[in-house]
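This report looks at charged side chains and the way they pair. Please keep the sequence and the structure at hand while reading.

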Amino acid sequence: MLHVVHHEDYMAPAPTRGSFRFDKYMAVMVALRESAYPITEHAPPPMPQRWLEAVHCPDYVEQVFSAEVPREKERRIGFPVTPHIAQRVAHTNGGTWLAAQLAKRHGYAANSAAGSHHALHDTGAGYCVFNDLAVCANRLITEGDASRVLIVDLDVHQGDGTASLTAGRDDIFTLSIHAEKNFPVRKARSSLDVPLADGTDDDGYLEALERHLPEVFDLFSPDLVLYQAGVDGHADDRLGRLALTDEGLDRRDAFLIAEARKRGLPVASALGGGYGQDPREVADRHARSMIACAKANAQETAPVNPASTCYPVSIGRA
């Protein structure tokens, strides 16, 4: 069973300015629903504003929710922050939190959006408004749901915002495996960065992942994993620079889940990047990634009683 978090607000009306395409998010759910794989959908509540303010500048959070983000910050984000966008990012951030709660029960769960790893303390950037990975990790620890959180970022772009927002913490570890010459030009310092050369293929990518991930697990000893599961390392991605195939992404996902689950660690994934002219083609890659993770999780855990798969999850008051 794939437990996937989704909300209708993920498909916010596209802003009139900016090049980011929001149409892949519904296409991801269409692909999952049309697959033969069993899924259970969960709708997230919005992330409380005070939880966002624990990581982001309160003034910036208020700018987002009042749809009064300065133009220079909107340029860094890549699109205007409308009231619809504000509502969307509240739910996508709540979605990563809910996915983490579900992962603790089922081993693996996915958020069908988010993975906004470029958002910084007082501004968004790179199509990211709030950093759901950093916000969720902070909240898991604050609420006592985890004591040590590992953020594994396998998006083709370095998770500079996540690295900046969690810098200096000994209870959050950030591992970023990314294309060295891709965005952002100025990289932040993750706990461990593994830059890859342009054109790195399946074997080269898996060699890097297999060399570093088990060592991080063993040295950091996390009790929960947040996974930035971007598929923009695919050879056909418009913004990628790497050369992974569908099978290479499958191997990537299966290895991460297997390594986590054999240590008894739950994994919650966020969608991350994936770019192309055909939103359905990109959505199919995201859906395939989530299903690959769910299959790997099923191999590592006992079957779950379908009658017990839906739970209400409260994240408190705003």
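What follows describes salt bridges in a predicted model.

## Overview

Side chains of opposite charge can pair when their charged atoms come close. In this predicted model, a search of the whole structure finds 17 salt bridges, and the sections below describe some of them, with the setting of the residues involved.

Asp 218 and Arg 263 form a salt bridge in which the closest N and O atoms are 3.1 Å apart. Because Asp 218 lies in helix H8 (residues 202-220) while Arg 263 sits in the loop between helix H9 (246-261) and strand E8 (267-270), this pair ties together parts that are 45 residues apart in sequence. Asp 218 counts as exposed, with a relative accessibility of 52%, whereas Arg 263, at 28%, counts as partly exposed.

Arg 263 also meets the side chain of Glu 259 in a salt bridge, at 2.9 Å from N to O. Glu 259 has a relative accessibility of 9% and therefore counts as buried. Through salt bridges that share partners, Asp 218, Glu 259, Lys 262 and Arg 263 are joined into one network.

## A link between helices H9 and H10

Another salt bridge is formed by Asp 250 and Arg 288, whose closest N and O atoms are 2.5 Å apart. Since Asp 250 belongs to helix H9 and Arg 288 to helix H10 (residues 279-300), the pair ties together parts that are 38 residues apart in sequence. Arg 288 has a relative accessibility of 34%, so this residue counts as partly exposed.

Note on methods:
Residues numbered from 1 in each chain as written. Predicted model: local features only at pLDDT ≥ 70, side-chain atom pairs only at ≥ 80, totals over all residues. Heavy atoms only, no water. Salt bridge = Lys/Arg side-chain N within 4 Å of Asp/Glu carboxyl O. Helix = DSSP H or I, 4+ residues; strand = E, 2+ residues; numbered from the N terminus. Buried < 20%, exposed > 50% of the residue type's maximum accessible area, 1.4 Å probe, protein only.
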